[in-house]
Amino acid sequence: MNILASISSQDEVNKISPLYEKKCECPFCSHAFTTHKIRSRFIQVEKRDSDFCSYYKDPNLNPLLYYVCVCPACGYSFTEHFNKYFKPESQTIIQEKITSKWENKNLGGKRTYKQAIDSYKLALVCAQVKGEPHITLASLCLRLAWLYRLINMSGNEKRFLELAIEEYKDSYLEGDYIRQEKPMSDVRILYEIGELLRRVKKFDEAVYYFNKVIALRGKTIETGIINLAQEQWKVAREEKKAVSLDSMGVL
């Protein structure tokens with residue numbers, strides 16, 4: 001092993017900033033700007049929750065913070081999954097609701113959790129006005145719920161989990177989750193709905209969706225999700241029982 005080469009290599013890594021600038025062009029006003037992203041080598045996951053929320057060794061190097069791009073010129077906010085097409089009426093609404101009130105804020109640099117949350121809320125408004133697919137709205141709501149979880153704001157977390165559930169349900173009914181560039185599987189979306197329902201304490205409905213996942217055993221290669229659904233099915237049943245006993249004054 002070349003110790004000197006190893007030390008030199010590590011020194012080079014230490015000199016590199018975890019953040020880098022990505023060039024963007026606003027799909028709404030065509031303004032060119034840069035936004036920060038995190039270099040993959042600095043992203044270190046410590047654990048994941050059962051709904052796939054990740055916890056990082058350094059909370060400030062969480063890719064969620066930089067998921068949304070915000071145009072500093074007009075305020076239009078988007079992700080790489082947004083459609084670039086605008087209906088004429090949606091352009092008018094974005095102009096009235098966001099751009100006319102925008103004060104040339106720059107959210108393209110290093111972000112706090114509050115700034116990241118603001119960027120998601122802006123993106124949600126833009127997505128709703130544009131008529132983005134339900135799966136895109138669901139993804140934004142879920143990531144926003146995760147951000148609130150990571151800063152221990154459970155009330156806001158629950159609010160956006162419930163919004164994510166409704167968008168995932170609509171996505172499943174309309175099938176837009178399979179019409180994306182990177183489609184989501186039936187197993188994954190059904191599991192996510194079930195797990196989010198469990199987290200907002202709608203246990204009977206959660207069990208219903210977990211059963212739908214388990215019924216797909218043998219029809220999917222995503223056996224890990226099937227196993228997760230079985231585990232969370234048991235957790236949901238146990239939690240429902242505990243809540244029932246608590247309400248009866250038994251616990």
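C126 is buried, at a relative accessible area of 0% (buried means under 20%, with a 1.4 Å probe and protein chains only). The model is predicted, so local features need pLDDT of at least 70 and side-chain atom pairs count only at pLDDT 80 or more, while totals for chains, interfaces and linings use all residues. Residues are numbered from 1 along each chain as its sequence is written, and side-chain values use heavy atoms, without hydrogens or water.

The structure holds zero disulfides; a disulfide is a pair of cysteine sulfur atoms within 2.5 Å. C126 is in none, and the nearest cysteine sulfur, in C74, lies 7.9 Å away. C74 is also buried, at 3% relative accessibility. Its closest cysteine sulfur belongs to C26, at 3.6 Å, which is too far for a bond.

The largest pocket has a volume of about 1,400 Å³. A pocket is an open set of points on a 1 Å grid over the protein atoms alone, where a 1.4 Å probe fits, with protein on both sides within 12 Å along at least five of seven lines. The volume is the space filled by probe spheres set on the points. The lining comprises 46 residues, each with an atom within 4 Å of a point. Y67, E80, H81, S139 and R143 lie nearest the centre.

Elements that give two or more residues to this lining include strand 1 (19-25), strand 2 (32-38) and helix 6 (186-199). Helix 4 supplies the largest share, seven residues. Helices (H or I) are DSSP runs of at least four residues, and strands (E) of at least two. The lining divides into 24 nonpolar, nine polar and 13 charged residues. Asp, Glu, Lys and Arg count as charged; Ala, Val, Leu, Ile, Met, Phe, Trp, Tyr, Cys and Pro as nonpolar; the others as polar.

Conventions: Buried < 20%, exposed > 50% of the residue type's maximum accessible area, 1.4 Å probe, protein only.
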